[in-house]
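Subject: Structure for you to look at

Hello,

Here is the structure I promised to pass on. Please open it and keep it beside you while you read.

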Amino acid sequence: MDVPVPLRPPALRPGDTVRLVSPSGPTRPERVARGVDLLTGWGLRVEVSANAYARTGFLAGPDADRLADLNGALADPAVRAVVCTRGGYGTQRIVDGLDMAAVRADPKLVVGFSDITALQLALWRGARLATVHGPGAAWLDERTPAVSAGSLRAALMSADPVVVKRDPAEETAAVAVPGTASGTLLGGNLCLLAASVGTPDLADLTGAILLLEEVAEPPYKVDRMLTHLRRAGLLAGVAGVALGQFTECSDAWPVSIVDVLVDRLGDLGIPVLGGLPIGHGVGQLTVPVGVPATIDVAAGTLTAEPAVRAGQASFDGDGV
């Protein structure tokens, strides 16, 4: 089948403006300060949206304010990337109001993960926008060290393919079904994928490479979500599965997360590559989503085309 052609924004260059938004849960200025330091250290100009530090219970302010910040950033011609401060919860409450016409008219990089999976799914559905699954601006050096910063910088400022290698130290590295597969890389946080079933935003996964990661969900809940996806028929046409980090996913039952992943994914008859340092764990790496990608289980690699247009890159290193 034909692989959909993604809408790619230009790579970031020194001097470009990045705007920080909080479409999900609340954050604090002191947590974001380190992310601002990183971005400005790469020569980027950082703006903070009006409601980035707002708080309304478990949300970063009222829905209308979060949506206004997000749409304002997506429509502003001076803004070249929209970086979410964090995930948490709340993006699904506002994605139906996204200004897709503005996205299609002036595509720009959108960066985040976790709850931001809902935003990335909506942008893929509404505009075929390639986005960036990577750390938010509320940066923690102990979780996202120099290798994480270098990975994010390369994805934003380079038009080179992104290669993520299996890490034998990752818990999911024990999950492997041999083979190679190619297709559009879609997905992200498993909980948000399951919560998108029945909405307009869950993409047709036929021929796709499905990216999965999760945090703080015990094995039985992971089993329930994967079973839900299976029963809904969403895994029937998937070309392959790329497994990221399943962080803090354990409980008192004598069943490991590896047991669940092998049981629920191992009989699909498709390649499954575990052990990718993508997700909520230490050393999180960045990967584009909505782009053509290939998994090679024998080589232990996920190779994805860039989220940015070729010829726009200005980054030529891999440091922080």
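Predicted model: local features only at pLDDT ≥ 70, side-chain atom pairs only at ≥ 80, totals over all residues.

Residues are numbered from 1 along each chain as its sequence is written, and side-chain values use heavy atoms, with hydrogens and water left out.

Salt bridges come first. The term means a side-chain nitrogen of Lys or Arg within 4 Å of a carboxyl oxygen of Asp or Glu. The count by this rule is twelve.

One of them joins Glu305 to Arg8, with the closest N and O atoms 2.6 Å apart. Glu305 follows strand S14 (301-304) and Arg8 precedes strand S1 (17-21), so the pair ties together parts 297 residues apart in sequence. (Helices, H or I, at least four residues, and strands, E, at least two, are DSSP runs numbered from the N terminus.) Arg8 is buried at 17% relative accessibility. Glu305 is partly exposed at 35%. Buried means under 20% relative accessible area, exposed over 50%, and partly exposed in between (1.4 Å probe, protein chains only).

Asp63 and Arg93 form another salt bridge, at 3.0 Å between the closest N and O atoms. Arg19, Glu47 and Asp76 are linked in a salt-bridge network.

Now the loop. Asn51 sits between strand S2 (45-48) and helix H2 (63-75). Asn51 is buried, at 19%. Beyond its neighbours within four places in sequence, Asn51 contacts Ala60, Asp65 and Asp69; contact means heavy atoms within 4.5 Å.

Best wishes
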